[in-house]
Amino acid sequence: MAIREVSLWLLLLCICTCCASSKSVELNYADALAKSILFFEGQRSGKLPASQRMTWRADSGLTDGAADDVDLAGGYYDAGDNVKFGLPMAFTTTMLAWSVIEFGSSMKGQLENAKAALRWSTDYLLKAANAKPNTLYVQVADPNADHRCWERPEDMDTPRGVYKVTPQNPGSDVAAETAAALAAASIVFRQSDPSYSSQLLRTAIKVFDFADEHRGAYSDSLGSVVCPFYCSYSGYNDELLWGASWLQRASQETAYMGYIQSNGHILGGEDDVYTFSWDDKRVGTKILLSKAFLMDKLEELEVYKVHSDNFICSLVPGTPQFQAQYTPGGLLFKGISGSNLQYVTTTAFLLVTYAKYMRTTGEVVSCGATTVTAANLVSLAKKQVDYILGVNPSKMSYMVGFGDKYPQHIHHRGSSLPSVRVHSQPIHCGDGFQFLYNSSPNPNVLVGAVVGGPDSQDNFADDRNNYQQSEPATYINAPLVGALAFLAETVQKPVLY
């Protein structure tokens, strides 16, 4: 066994050091954490508070919802455009909440900023869920119209239509993800704001019941306004199990445990799928439910620990179940979409979270004859985070504003156009394309933004037109917040590269 462990970690070492040199650098995870949270201020929609630190931004979308006589101001723009997509926003919210739940004690001076980022989203989701009976508002703006323009959010003159799911036009995926987000957030605010926490949980229960009773994919109900942008490719079963799992953790109601036990096998609980994202929640659900087995001793949930172990083994070179792909420089590469770092940050988060559960209980993962420990998981997660922060063949940090070398031409309207603070006159729809196509660095630094990242050969084009590689997104950052908080607390040593 000892021989297998040594050979395993020689392989893992190779993932990180195949392009190594003798240079040493100390990565400041605490600084990266602060910047990863600050990024969310650059994505804010609505009336900005006096505490706004990303000062090149200003108020936007103040009348969102007026098309349906409701107030939908607030929330986040998902990425580099000016649309508020409900499915990725809800997933972002869930992952921010989970980051705080697991690693809030490691955030130190950034905890309140993380909670503020979370609340900016939950305030919006509460509006979306409570504006009208039997209705969940899931999007503001037509992306097809929005993408025909290149303009600052403060100048938007594109249609701000609103889109909703109802019993007649269901959206179990986006509704159950919204329920998960609100339930997870209710845990975060339970001590600091009990009244708000109760409101979040009550709304989560209502929205989950809506999702479960009126089943259907929101892609089928809303068509071209959500596809191909955020189609529910995995269907809605995964979100139903994910939502129920978060409601069980938040409420401790036995009804949700009964739901999980009765429905888990038909909702994807026993599927071995190895990608965790805004679309597919199956792996995340298994890790989440494994906590109840490992730490709360709920034996009926052992199956989720088994499948979580399968996920871990899929990532570890040299094991029989290994099937992950890594770039020559050691980056996990999924090849599903151009925005690869979204899968890296979710994986890193799951690795450190599962490691936390394993350390607490003394568990290990058996991958055939190879034993994988919590320390091994932390090492693998750290390698992925370090790559993002600049320990890679290009010596490029893929977090804007972190390190000496980072992307200068990110695909982001607000960052690439002159700020309203220095250019107060409107820049209308078509007039902004000159800024999309020019070669100058973005005038406004979207500090903390993590872009889509390099390709399978570690190549990266710092090109505003290459949105697959150069566009940031909230759901890339949200899980990274948790991983960075963990590393800032536990890792102090310099990194060799």
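A disulfide is taken here as a pair of cysteine sulfur atoms within 2.5 Å. The model examined is a predicted one. By this criterion the structure holds three disulfides. With bonded cysteines counted along the chain, the pairing pattern is 1-6, 2-3, 4-5.

The C313–C367 pair has its sulfur atoms 2.0 Å apart. The torsion about this S-S bond is about -90°, so the disulfide is left-handed. C313 sits in helix 12 (residues 302-315) and C367 in strand 5 (residues 365-367), so the bond ties together parts that are 54 residues apart in sequence. Both C313 and C367 are buried.

C149 and C429 are also joined, with 1.9 Å between their sulfur atoms. The S-S torsion of C149 and C429 is about -90°, which makes this disulfide left-handed. C149 belongs to the loop between helix 5 (143-146) and strand 4 (162-165), while C429 belongs to the loop between helix 15 (413-416) and helix 16 (433-437). The pair therefore ties together parts that are 280 residues apart in sequence. C149 is buried, at 5% relative accessible area. C429 is partly exposed, at 21%; the buried class requires a value under 20%.

The remaining bond links C227 and C231, whose sulfur atoms lie 2.0 Å apart. C231 is buried, with a relative accessibility of 10%.

Charged side chains were examined next. The count comes to 25 salt bridges. One of them pairs D64 with K84, with the closest N and O atoms 2.9 Å apart. D64 and K84 are both buried.

E112 and K115 meet at an N to O distance of 3.9 Å. E112 is exposed, with a relative accessible area of 52%. K115, in contrast, is buried at 11%. In the second pair, the closest N and O atoms of D123 and R119 are 3.8 Å apart. D123 is partly exposed at 35% relative accessible area, and R119 is partly exposed at 28%. Elsewhere, salt bridges with shared partners join D64, K84 and R160 into one network.

Technical notes:
Residues are numbered from 1 along each chain as its sequence is written. This is a predicted model: local features need pLDDT of at least 70, side-chain atom pairs count only at pLDDT 80 or more; totals for chains, interfaces and linings use all residues. Side-chain values use heavy atoms; hydrogens and water are left out. A salt bridge is a side-chain nitrogen of Lys or Arg within 4 Å of a carboxyl oxygen of Asp or Glu. Buried means under 20% relative accessible area, exposed over 50%, partly exposed in between (1.4 Å probe, protein chains only). Helices (H or I, at least four residues) and strands (E, at least two) are DSSP runs, numbered from the N terminus.
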